[in-house]
Amino acid sequence: LERLQALLADAGRLEHALAAARRWVALDRLHEPAQRALMALYDRAGQRSAALRQFDELKRLLSAELGAAPQPETAALAESIRGGQAAGAAPAAFPAPAPAARATLPVAPTAFIGRRSELAEISRLLNTSDVRLITLVGPGGIGKTRLALQSAHLNADRFNHGACFVPLAPLASVEFITPALANALAIPVTDRAKLSQQVHTYLANKRMLLVMDNFEHLVDGAALLDDLLQHAPGIKILVTSRERLNLGDEWAIEVSGLSYPWDEKEKELEEYSAVQLFLSSARRVSSGFALTAADRPYLVRICSRLEGMPLGLELAASWVRALSCREIAEEIERDLDFLTSPHRD
């Protein structure tokens, strides 16, 4: 869609370019390169008021969801449009994030639900100059990886060289951390004996966010992160772990369960993130699934018993094809080992 809207704009087909840009924005309304392209296209098509409305809506979204302001280049574009100086600018003139860095961020197969306050706090810390190492701490299944990935997608554009995801769960020991990082960064290895030096040299002048996922079994190697931060001053690291790294410059965020209702008498159950996740997961398993009045108290019991844990909610929802919400709640209360899934992933 990014390439399509630019090609259509270059060909003078502005209505079609606008349609492609709107679709690009719809994929992620907080993605500022898409918003800038759409604003520039509106202005180029003589729709200056629409361009400025787009900017105002982006400002409102960033403030509400992340507690952040638009990037300087977005604000500058809005000012030039307001002053009548941006007409005719080609959307392609606004730089996209580095393709290689963006390609290393996995795309989640399902929608991200809830966690607005956590996303806002992570975004605030990533935009604080003296914060360079953030650890998301919590038990397995609490959603640390999804939260880290969503934060990386939302904040990658604030780093000149994007964001890179480094999966650590498969590693057997500390000695494999640096090779895993080199592999994620696609650094050509010329001398394995000097691999750390090659990684430091590669990152030395980069402005990049590194997401180091599942660090808990490698905490003895946490000093490697300190070493990395010293050699690469433009790097920030977002870690997920079941325990803190206990480093002096570490900022830890405790990740708990999604919000859930305490009482089935609450009118708006679906405003709670835990309920939203259960219903979304249940409808993937059984597209016709609908929450009935009889289900409400048992869904509250499911969410409460699992304390809003995302993995538990997804596993519980996988049973809706065979069991009612009442039966699922009773099975969970009888034995948590009931929560298993046939899914291969």
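Q: How many residues apart are Arg-60 and Glu-57 in helix H4 (residues 48-66)?
A: Helices here are DSSP runs of H or I with at least four residues, numbered from the N terminus. Arg-60 and Glu-57 are three residues apart, which means that about one helical turn separates them in H4. This is a predicted model, in which local features need pLDDT of at least 70 and side-chain atom pairs count only at pLDDT 80 or more, whereas totals for chains, interfaces and linings use all residues. Residues are numbered from 1 along each chain as its sequence is written, and side-chain values use heavy atoms, with hydrogens and water left out.

Q: What do the side chains of Arg-60 and Glu-57 form?
A: Side chains of opposite charge can pair when their charged atoms come close. Arg-60 and Glu-57 form a salt bridge (a side-chain nitrogen of Lys or Arg within 4 Å of a carboxyl oxygen of Asp or Glu). The closest N and O atoms of this pair are 2.7 Å apart. By this rule the model has eleven salt bridges.

Q: Where does the pair of Arg-36 and Glu-73 lie in the chain?
A: Arg-36 and Glu-73 form a salt bridge with an N to O distance of 4.0 Å. The pair links distant parts of the chain, 37 residues apart: Arg-36 belongs to helix H3 (residues 32-44) and Glu-73 to helix H5 (residues 72-82).

Q: Is Arg-36 buried or exposed?
A: Relative accessible area, computed with a 1.4 Å probe on protein chains only, decides the class: under 20% is buried, over 50% exposed, and in between partly exposed. Arg-36 has 2% and therefore counts as buried, whereas Glu-73, at 38%, is partly exposed.

Q: How many cavities of 30 Å³ or more are there?
A: Rolling a probe the size of a water molecule over the atoms shows where empty space is left. A cavity is a set of points, on a 1 Å grid over the protein atoms alone, where a 1.4 Å probe fits but cannot get out; its lining residues have an atom within 4 Å of a point. The count is one. The largest cavity has a volume of about 110 Å³, volume being the space filled by probe spheres set on the points, which are joined across faces, edges and corners.

Q: Which helix gives the largest share of the lining of the largest cavity?
A: H11 does, with four residues. The lining residues include Met-212, Leu-224 and Asp-227.

Key:
Helices (H or I, at least four residues) and strands (E, at least two) are DSSP runs, numbered from the N terminus. On a 1 Å grid over the protein atoms alone, a cavity is a set of points where a 1.4 Å probe fits but cannot get out, and a pocket is an open set with protein on both sides within 12 Å along at least five of seven lines; lining residues have an atom within 4 Å of a point.
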